[in-house]
Amino acid sequence: MKTADNTFLGGDPVKGCSGIYDELEYLTRRFAVMSEAAGWWRQVTTHRKRKTKDLLKDAWAHVLDDVDTFLDLQSSRPKCPEVTSAMIAQVKGLTPHRNAAGHKPKTVDALIKRDSQLRTRFETARDLLLEWHEATSSVRAKVK
């Protein structure tokens with residue numbers, strides 16, 4: 001996180017945001033793998049199908065959709081009481097901004113709009129990264 005802070009403040013806010021998003025993605029993917037392995041996910045049914053096959057490689061937004069749909073918060077509460085559906089929704093809401101940080105806007109107006117929002121996006125993502133880190137610290141699995 002310090003590297004992302006230094007990059008953001010050092011004159012490359014787009015790369016700083018990207019660094020925070022990458023860390024948040026890594027942490028939430030690790031949680032998805034760990035929580036599924038721990039048996040905290042509901043069973044797939046005919047009307048609720050998973051969007052992912054590989055929680056470490058499939059699209060991050062789809063992984064978060066599956067966590068939101070299949071994570072049984074009652075099962076995970078004793079180990080991770082701070083992980084809530086609202087917290088998952090907040091991270092899901094960042095995925096379009098993460099994608100926008102990785103691509104240069106096509107118009108000058110879009111560039112100006114994105115750049116004017118970078119500080120807020122950076123601070124929001126950094127706060128969520130800290131929340132996820134604290135909320136999952138007691139159960140963090142070593143997943144590569």
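Trainee: Why are α5 and α7 called oblique to each other?

Mentor: This is a predicted model, in which local features need pLDDT of at least 70 and side-chain atom pairs count only at pLDDT 80 or more, while totals for chains, interfaces and linings use all residues. Residues are numbered from 1 along each chain as its sequence is written, and side-chain values use heavy atoms, with hydrogens and water left out. Helix α5 (residues 85-92) and helix α7 (residues 108-136) pack at about 140°, their axes 11 Å apart. Angles under 35 degrees count as roughly parallel, over 145 as roughly antiparallel, 65 to 115 as roughly perpendicular and the rest as oblique, and α5 and α7 are therefore oblique.

Trainee: Which residues of α5 and α7 make the contact?

Mentor: With contact meaning heavy atoms within 4.5 Å, Met-87, Ile-88, Gln-90 and Val-91 of α5 meet Leu-128, Glu-131, Trp-132 and Ala-135 of α7. By class, this contact of α5 with α7 has six nonpolar, one polar and one charged residues, where Ala, Val, Leu, Ile, Met, Phe, Trp, Tyr, Cys and Pro count as nonpolar, Asp, Glu, Lys and Arg as charged, and the others, Gly among them, as polar.

Trainee: What makes α2 roughly parallel to α7?

Mentor: Helix α2 (residues 13-37) packs against α7 at an angle of about 30°, with the axes 9 Å apart, and that angle makes α2 roughly parallel to α7. Residues of α2 in this contact include Ile-20, Leu-24 and Phe-31, and those of α7 include Leu-118, Phe-122 and Trp-132. The contact of α2 with α7 divides into 14 nonpolar, four polar and five charged residues.

Methods. Axes are lines fitted to C-alpha atoms, for helices over the stretch in contact, and angles run from 0 to 180 degrees between N-to-C directions. Helices (H or I, at least four residues) and strands (E, at least two) are DSSP runs, numbered from the N terminus.
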